[in-house]
Amino acid sequence: MSMGRYAASTDPEAGRDGDGSVLLRSPSGATARVSLHGGQVVSWKNDRGDELLFTSSKAIMKPPKAMRGGIPICFPQFGNCGTLERHGFARNRMWGLDEEHPALSRSDSGSRSFVDLILKPSEEDTKSWPHSFEFRLRISLTKDGDLSLVSRIRNVNGKPFSFSFAYHTYLSVSDISEVRIEGLETLDYLDNLSQRERHTEQGDAITFESEVDRVYVSSPNVIAVLDHEKKRTFGDEEYKQTLCVDAAAAERPITLRPGEEWTGRLELSAVPSTNCSDHLDQPGIM
């Protein structure tokens, strides 16, 4: 996750569907489907039509429930560390299309298929979290099919407020026991399965032999999820086909003074696993 500014506009080529979702399509044939409920990416497929995100077969697709899968937006709270509902309310709200901002430069907008969304607090939200904000979200596909999410959160309140945030990303994997994560070696982490005890990662990569729920602190901008087999299997044990890797601002709250804006970015790239190490110096995950 990185900081910075990003212009916003609505891509006229993004397809608005009758089910309250938008379909993005890259020149390579990759697609991403975005639900206006939650501002949530619910599908990301490569140019071969392979689904790269996981969605539970038991997921509820209709409001007001958040869908378990895809990339839920966690704001203004991540997890249970606060007084709000788990992961905050943004993932349970209807977002609008944002058409107020000027277009990107021709060179940039011509290489991406994108949609811009906006969320403002409802009267119900301000009862539980009494702050005014504007949350703008750009979701885009590059010409090669890489997926990008850029969030811009502005304080339009008369007083400061603090929040935590995450892109709660459900990745589709062949078998969790065959997957490894590189890029978090030697980092400290908080173990949510042991009352958030602090430990240091000892392995040269993270592998999974049992349940894992950790917050890695001071993590780098780029990590890699390696799935060498990618064999599709189906059954009741869906946990074997999903891996959540969240880009989050969770260790310390973010505080915005009136008029200030914070930007967070997530970029996902799917590359052949044999070449994954060559891509660790580029933005992305997977």
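Q: What makes β8 and strand β9 (residues 147-155) count as paired strands?
A: Two strands pair if DSSP finds at least two bridges between them, and β8 and β9 are joined by nine bridges in the antiparallel sense. They therefore qualify as a pair. One example is serine 140, which stands opposite serine 148 in β9. Strands here are DSSP runs of E with at least two residues, and helices are runs of H or I with at least four, numbered from the N terminus. The model is a predicted one, in which local features need pLDDT of at least 70 and side-chain atom pairs count only at pLDDT 80 or more, while totals for chains, interfaces and linings use all residues. Residues are numbered from 1 along each chain as its sequence is written, and side-chain values use heavy atoms, with hydrogens and water left out.

Q: What lies between β8 and β9?
A: The two strands form a hairpin with four residues between them. Glycine 145, in the turn, has a positive phi of about 95°.

Q: How do you know that strand β7 (residues 112-119) pairs with β8?
A: Eight bridges join β7 to β8, and the two strands run antiparallel. The requirement is at least two bridges, so the pairing holds. Within it, valine 115 stands opposite isoleucine 139 in β8.

Q: Why is β8 called mostly covered?
A: Buried means under 20% relative accessible area, exposed means over 50%, and partly exposed is in between (1.4 Å probe, protein chains only). Ten of the ten residues of β8 are buried. Both faces are covered: Phe133, Phe135, Leu137, Ile139 and Leu141 are buried on one side, and Glu134, Arg136, Arg138, Ser140 and Thr142 are buried on the other.

Q: Which residues have the most contacts inside the largest nonpolar core?
A: They are Phe135, Ile139, Leu147, Leu149 and Phe163, in a core of 54 residues. The largest share of this core, five residues, comes from strand β8 (residues 133-142). A nonpolar core is a set of buried Ala, Val, Leu, Ile, Met, Phe, Trp, Tyr and Cys residues joined through side-chain atoms within 4.5 Å.

Q: Which residues does phenylalanine 135 touch?
A: Contact means heavy atoms within 4.5 Å. Not counting residues up to four places away in sequence, phenylalanine 135 touches Ile73, Phe75, Trp95, Leu117, Ile118, Leu119, Ser151, Arg152, Ile153 and Phe165.

Q: Why is cysteine 74 called buried, and why is cysteine 244 called partly exposed?
A: Cysteine 74 has a relative accessible area of 0%, which is under 20%, so the word buried applies. Cysteine 244 has 36%, which falls between 20% and 50%, so this residue is partly exposed.

Q: What makes the peptide bond from phenylalanine 75 to proline 76 cis?
A: Its omega is near 0°. Proline 76 lies in the loop between β5 (73-74) and β6 (96-97). Most residues other than glycine have a negative phi, and most peptide bonds are trans.

Q: Why does serine 218 count as exposed?
A: Its relative accessibility is 65%, which is over the 50% limit, so serine 218 is exposed. Serine 218 is in the loop between β16 (214-216) and β17. Its phi is near 55°, a positive value in a residue other than glycine.

Q: Why is valine 225 called buried?
A: Its relative accessible area is 6%, which is under 20%, so valine 225 is buried. Valine 225 lies in strand β17 (residues 224-227).
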